[in-house]
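Please keep the sequence and the structure at hand while reading.

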Amino acid sequence: MSEDFYDALGVSRNASEDEIKKAYRKKAAEYHPDVSDDPDAEEKFKKVKKAKEVLTDDQKRQQYDQMGHDRYEQAEKRGGVGGGAGGMGGQGNPFGGAGGQGNPFEDIFNQFFGGGGGMGGQGRQRNRPRQGQNLRTRVRLDLEEAYEGVEKQFTVTRPERCPECDGDGHPEDAEVNTCPQCNGQGQTTTVRDTPLGRVQQTQTCPQCRGEGQTYSERCPDCDGDGVVEEEATLTVTIPAGIRDGQTLRMEREGAPGENGGPNGDLLIEVGIRDHDAFERDGDDLYHNLAVSFPQAVFGATVEIPTVTGTTEFEVPEGTQSGESFRVRGEGMPHLRGRGSGDLHV
Ligand SMILES: [Zn+2]
Ligand SMILES: [Zn+2]
């Protein structure tokens, strides 16, 4: 496995943007090919530069963290990374083929590959079924919940097919006319003369939105959109060992599709609240234990907290302040795997 970007910069995985920028400036000065006589300086310089670019971009950093260094680099070579699914989805279907039906979390680590698709210039074809947009939301958990796994109920406001008109956007008895702007083509073509020659541009007809038809009346509930905002209460099953910032996907819980296309997906970003007793790093936990001077000198058996309760811990004779001990298996459970991380005391 190659050295990852955090190592390249010499920062922790939790480093703030400022820390990353600072570390980058230091490394960049050190490796600058004009300055350094290290024969690999140029390579190293490129790497820290790249590391800074990725880690100071929230979205890229999230992808990087989810995919790991090697997969990220491969994906980027294929041109897949950074397609940007900002905000409320908006992309076609960044996730490619759907996974198994039964378990909505089959693809737990969503790879934000190959965004782009979406509204791009092609001008949508009339009446072609289109998948709805993916939507995003957040759910917050306590560390205990992340440890055990939990079912979380949450509410999202999302677009849903208008019940009044069943998504048509017009009353059933509305009069149908061929769209005057595009003559029923659903697309309009404009030709412009530019310094580079004549450019022909085809776009979706704005008047009928590609449908080729207009209606004498609009549905009053959705104002012709066929879609209304609704509040939905959903329950998501969160697996034990989930980490802060990971994203779960609920298939088909996103925005409704068009022309009979499937719904988009709902992406749920999991946030985990800070805990009084533990710091988390991956699946390992860290606990600061204060002991008395005699306990440190002579050794003692003390109770220490675990996520689910307490356990006994032997403070060895002659322990120095700042020493660290490992309690095996008392960290967070490995996600979808056996065993657990460790507790560092
Ligand atoms: Zn309606
Ligand atoms: Zn039209």
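Cys-222 lies in the loop that connects β6 (213-215) with β7 (227-238). The model is a predicted one, and in it Cys-222 is buried, because its relative accessible area of 5% falls under the 20% that marks the limit for burial. Leaving aside residues up to four places away in sequence, Cys-222 touches Cys-162, Cys-165, Gly-169, Val-227 and Val-228.

Cys-162 belongs to another loop, the one between β2 (150-161) and β3 (176-178). With a relative accessible area of 1%, Cys-162 is buried. Its contacts, again not counting residues up to four places away in sequence, are Gly-167, Cys-219, Asp-221, Cys-222, Gly-226, Val-227 and Val-228.

| Residue | Loop between | Relative accessible area |
|---|---|---|
| Cys-162 | β2 (150-161) and β3 (176-178) | 1% |
| Cys-222 | β6 (213-215) and β7 (227-238) | 5% |

Elsewhere in the model, three strands make up an open sheet, arranged in the order β1-β9-β8 with mixed pairing. The edges are held by β1 (135-141) and β8 (247-250), each of which has a single partner strand, so one side of each is left without a neighbour in the sheet. From one strand to the next, the twist averages 30°. The pairing of β1 with β9 (residues 266-272) is parallel and runs over seven bridges, and among the residues involved, Leu-135 has Leu-266 in β9 as its bridge partner.

Turning to a helix, how far apart are the end C-alpha atoms of α3 (residues 41-55)? They are 21 Å apart, which agrees with the 21 Å that its 15 residues should span at 1.5 Å a residue. The buried residues of α3 are Ala-41, Phe-45, Val-48, Ala-51, Val-54 and Leu-55. An α-helix has 3.6 residues a turn, so residues three or four places apart point the same way. What covers the buried residues of α3 includes α1 (5-9), α2 (17-31), α4 (58-67) and α5 (69-77).

Definitions and conventions
Residues numbered from 1 in each chain as written. Chains lettered and ligands numbered in written order. Predicted model: local features only at pLDDT ≥ 70, side-chain atom pairs only at ≥ 80, totals over all residues. Heavy atoms only, no water. Helix = DSSP H or I, 4+ residues; strand = E, 2+ residues; numbered from the N terminus. Expected span 1.5 Å × (residues − 1). Buried < 20%, exposed > 50% of the residue type's maximum accessible area, 1.4 Å probe, protein only. Contact = heavy atoms within 4.5 Å. Pairing = 2+ DSSP bridges. Axes fitted to C-alpha atoms, helices over the stretch in contact; angles between N-to-C directions.
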